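Here are my notes on the model. Please read them with the structure open.

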Amino acid sequence: MALPRVLVLVLAGGKGSRLELLTETRAKPAVPFAGVYRLIDFPLSNCEHSQIPDVWVSEQYQPQSVNEHLANGRPWDLDRTTGGLMMLPPFQGSDRGGFTMGTADGLWRQAELIRQFAADALVVVSSDAVYKLDYRAVVDAHLGSGAEVTMVTTEVAPDDAARYGIVRAADDGKVTDYAYKPDEPATTTATNEVFVFSPTETLDRLEAISDQVGEDGLEDLGTHLLPAQTEDGLARAYPLGGYWRDVGTVESYWEAHREFRCEEPPIDLDEASWPIRTRGGRHSAARLLRGAVVEDSLVSGGTRVAGEVRGSVLSPGVIVEPGATVVDSVLLPGARVRAGATVTRTVLDDGVVVGERATVGGDGEITLVGRRAEVAAGTELAAGARFPEPERD
């Protein structure tokens, strides 16, 4: 019996403004994670291991950063003659051209291509979370349920629930209530931005909603589409049951790295049956030089450490000079901490140089230093600082 025909649409066009300086020159899906990975590696690796070969990536903001990383899709076995990886940039030339104004709007703009593909199931996923999931298992559950949409759900902290779509579900999995980013969440059960849709029915519904809302627009999936499907009794929940972490803010990004630099990370990125794939050049082995102290840290290839590193994540090409101290921090590729400098509870973006005897961060909020910035020798950046300071409107 042939497997159902499945199309995965990866939403990779968001600006990611809550990541602040980290997304000034790159799209959110291209933000590095855990040393050698990028955020978009997680949904693409899930596609590979779920044996789904048809993957479309919808891009918009800073597309060159995504294109450079994905190339032809080879690390995820998507460099195929038939099917494989297809990029969907913004376009002009039809009444659906122009920039996307939300996730539902983006789905509407690509509706004709999706209809032509004639999939049995359409999987729509975001690319700003860290998790492992067999998408085909969710598809199988969806196709046997009679639902128009299956929402993958997870539990979130009560004080964070207002950032998500919040659901109530009956014992049989039927979603009885859906609220998009509510001021007062009724539960802590949230959608994790993985949805399986019945394509024809969903696109027909989108057309009808588009006619109704007119110039107000379709906006996000949670604005009109998911509430309508829930109201008609056609939404089902699929609990994830494993680790899931949204890393769309500086604080959650930093916290996720704390979880992955420990002795037993929440998911094994090198698990033999489900490794996370990525694209990148080869790096030499990490070098821990005389006098180096490294504890509870994740150290990538190509790094050179002669100072003290504790509770941190070092990406490829990072240098920590003699007498420098890095504590509870995330250093992205090529960052350099010069002799005598101290970096604490900080994210240093690509190519940042912290000058000799400088002090960056401290106890308190996370400090963020933007791409290729140079912190002058002897400078003090307080906890929670942003450097360079963002331009204000």
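1. Two strands count as paired if DSSP finds at least two bridges between them. Strand 17 (residues 304–305) and strand 20 (residues 319–320) pair in the parallel sense, over 2 bridges. Arginine 304 has isoleucine 319, in strand 20, as its bridge partner. Bear in mind that this is a predicted model.

2. Where does this pair sit? An open sheet of 6 strands runs in the order 14-17-20-23-26-29, with parallel pairing. Its edge strands are strand 14 (287–288) and strand 29 (374–375), each of which pairs on one side only.

3. Now strand 4 (54–59). Strand 1 (6–12) pairs with strand 4 in the parallel sense, over 5 bridges. Valine 10 has valine 57, in strand 4, as its bridge partner. Strand 4 is also joined to strand 5 (residues 84–88) by 5 bridges, and these two run parallel. Here serine 58 stands opposite leucine 88 of strand 5.

4. Strand 4, helix 2 and strand 5 make a β-α-β unit, and the unit is right-handed. Helix 2 covers residues 63–70.

5. Is strand 4 buried or exposed? Of its 6 residues, 6 are buried, so strand 4 is largely enclosed by the rest of the structure. In a regular strand, side chains alternate between the two faces of the sheet. Both faces of strand 4 are covered. Asp54, Trp56 and Ser58 are buried on one side, and Val55, Val57 and Glu59 are buried on the other.

6. Next, the nonpolar core. Nonpolar side chains tend to be buried together in soluble globular proteins. The largest nonpolar core here has 35 residues. Val57, Val123 and Tyr135 have the most contacts inside this core. The elements that each supply at least two of its residues include strand 1, strand 4, helix 1 (41–49), helix 5 (135–143) and strand 11 (189–197). Strand 1 gives the largest share, 4 residues.

Definitions and conventions
Residues numbered from 1 in each chain as written. Predicted model: local features only at pLDDT ≥ 70, side-chain atom pairs only at ≥ 80, totals over all residues. Heavy atoms only, no water. Core = buried A, V, L, I, M, F, W, Y, C linked by side-chain atoms within 4.5 Å. Buried < 20%, exposed > 50% of the residue type's maximum accessible area, 1.4 Å probe, protein only. Right-handed = clockwise from strand over helix to strand, strands pointing away.
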